[in-house]
Amino acid sequence: MASVDSEVSRGTQLLLSTQAEVAAGIDRLFDQLLAVPSDPRGPLYEAMRHAAVAGGKRLRPLLVRAAGDLFHVDRRLSLRVGAAVEAMHVYSLIHDDLPCMDDDDIRRGKPTVHKAFDEATAVLAGDSLHALAFEWLCDPVTSADPFVRAELCCELARAAGPAGMAGGQMMDLAAETANFDLPTVTRLQQLKTGALIAFSVEAGAILARIPPDSRTPLRGYARDIGLAFQIADDIMDVEGDEALAGKALHKDEAAGKATFVTLMGLERAREQAGLLVEQAIAHLAGFGEEAALLRAIARYVVERDR
């Protein structure tokens, strides 16, 4: 038992130090890549920076880094891919907060983009981050191998589009007026939340030129932590602290949406999240100490308070 506790403690320390390092690196990259021009586009860049710089858990860039470390990928390349997937994630948050979607006023503890600027600027800021994600992946600085760049772009497009995040968002809108059962809610969240998480894990293997048929353990890991992450979010929506979460809570209940908590109950949902974390870690059995960060991230997704 002591050895397990010691492993968890070391994993937590590794997670915290790496998360801080990755977050600082992402902010430096965003500061560089989103430099504000001295022309009428200035407010657009300011809006992108408002949403992207100094905010969020940086979970997706952290996953790119952790998966890349399994295969000794140059961390500068992992960071660039992490910035691209974070740009895609931030775009989705900007649009998700709009009045036509979830109509939120607060995100990451500050006014949402359409509140800090205006709706038109928010739409364009989201559109621009979506485009920039692919521009950054296509840049030879991200990888000298054109086949790697092409696969990264293809997989991110799949994860963000109708077979991924956007499709899940459409299902989420439909959930306001439909009675979804547990398999349907699971599918919704696999698309809306899980697809970008899955891309983040697989991106590290793509950078390392690992063949698709050798990525099965990573796909299983990503699938399980994606669902565990969403279950934890649903629990937080019921029990969480808005000040810590940095966003409005209890909105799913108010909208009458089916969630893992409404369908399973709090205790069963909490147990299921724990089982998914155990499964995710089991997928990494073929790896050694180099997977310590991925194991720590799996535990973190259900222990976080924001």
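Start with Ser143. Its side chain reaches the backbone nitrogen of Asp145 at 3.2 Å. That is a polar contact, meaning a pair of N or O atoms within 3.5 Å; within protein, one must be able to donate a hydrogen and the other to accept it, and residues adjacent in sequence count only if both atoms are side-chain atoms.

A word on the source. This is a predicted model, where local features need pLDDT of at least 70 and side-chain atom pairs count only at pLDDT 80 or more, while totals for chains, interfaces and linings use all residues. Residues are numbered from 1 along each chain as its sequence is written, and side-chain values use heavy atoms, with hydrogens and water left out.

Back to Ser143. Where is Ser143 found? In the loop between helix H6 (119–138) and helix H7 (146–160). Helices here are DSSP runs of H or I, at least four residues, and strands are runs of E, at least two; both are numbered from the N terminus. Is Ser143 buried or exposed? Buried, because its relative accessible area is 5%. The cut-offs are these: buried is under 20% relative accessible area, exposed is over 50%, and partly exposed is in between, with a 1.4 Å probe and protein chains only. Leave aside neighbours within four places in sequence, and Ser143 is in contact with Val148 and Arg149. Contact means heavy atoms within 4.5 Å.

Now the whole chain. It has 16 helices and two strands. The radius of gyration is 19 Å, close to the 19 Å that the globule rule gives for 306 residues, so the chain is as compact as a globular protein of that length. That radius is taken over C-alpha atoms, and the rule is 2.2 Å times the number of residues to the power 0.38. The C-alpha atoms fill a box of roughly 60 × 50 × 30 Å, along the principal axes. Buried residues make up 51% of the 306. Take the contacts with a separation of 6 or more: residues 24 or more positions apart account for 71% of them.

Next, the inside. Nonpolar side chains tend to be buried together in soluble globular proteins. Here the largest nonpolar core has 87 residues. Such a core is a set of buried Ala, Val, Leu, Ile, Met, Phe, Trp, Tyr and Cys residues joined through side-chain atoms within 4.5 Å. Among those with the most contacts inside it are Phe30, Leu63 and Met88. Not counting residues up to four places away in sequence, Leu63 touches several residues, including Ile197, Tyr221 and Ile297.

Cys154 is in no disulfide either; its nearest cysteine sulfur, that of Cys153, is 8.7 Å away. Cys153 counts as buried, at 13% relative accessibility. Cys154 is partly exposed, at 37%.

His50 is in helix H2 (residues 42–52). It counts as buried because its relative accessibility is 19%. Beyond four places in sequence, His50 touches residues including Lys110, Pro111 and Phe117. His114 lies in helix H5 (residues 113–116). It is buried too, with a relative accessible area of 9%. His114 and Ile94 are 20 residues apart along the chain, and their C-alpha atoms are separated by 7.9 Å.

Methods
A disulfide is a pair of cysteine sulfur atoms within 2.5 Å.
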